Amino acid sequence: MLNENIKHFRKAKGISQEEMAVKLNVVRQTVSKWENGLSVPDADVLIHMAEILDVSVSKLLELRQIVVTI
């Protein structure tokens, strides 16, 4: 889930919610809402967040490539 991934990668980078908020130009409560699944960041913020956390947007969204064989 996106909320769990945001929290996981933020903590792995050693960034506090407050630091993340400053970097993304939002308030700390917004980061908290994302991490608790109460809201989601918009696309532009998600891209910037991925850059800050040094991961791909796909990794944040937990997108998986599905291979179909016939």
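First, a term: buried means under 20% relative accessible area, exposed means over 50%, and partly exposed is in between, with a 1.4 Å probe and protein chains only. Two notes on the source. This is a predicted model, where local features need pLDDT of at least 70, side-chain atom pairs count only at pLDDT 80 or more, and totals for chains, interfaces and linings use all residues. Residues are numbered from 1 along each chain as its sequence is written, and side-chain values use heavy atoms, leaving out hydrogens and water.

Now the salt bridge. That is a side-chain nitrogen of Lys or Arg within 4 Å of a carboxyl oxygen of Asp or Glu. The count here is one. Arg10 and Glu35 form it, at 2.4 Å from N to O. Arg10 sits in helix α1 (residues 2-12) and Glu35 in helix α3 (residues 28-35), so the pair ties together parts 25 residues apart in sequence. Helices are DSSP runs of H or I, at least four residues, numbered from the N terminus. Is Arg10 buried or exposed? Buried, at 6% relative accessibility. Glu35 is buried too, at 7%.

Next, helix α4, residues 43-53. Its buried residues are Val45, Leu46, Met49, Ala50, Ile52 and Leu53. They cover an arc of only 160° around the axis, which puts them on the same side of α4. That arc is taken from the directions from the helix axis to the C-beta atoms. On the other side, Ala43, Asp44 and Glu51 are exposed.

Last, just after α4, Asp54 takes a positive phi of about 60°.

Notes: Helix = DSSP H or I, 4+ residues; strand = E, 2+ residues; numbered from the N terminus.
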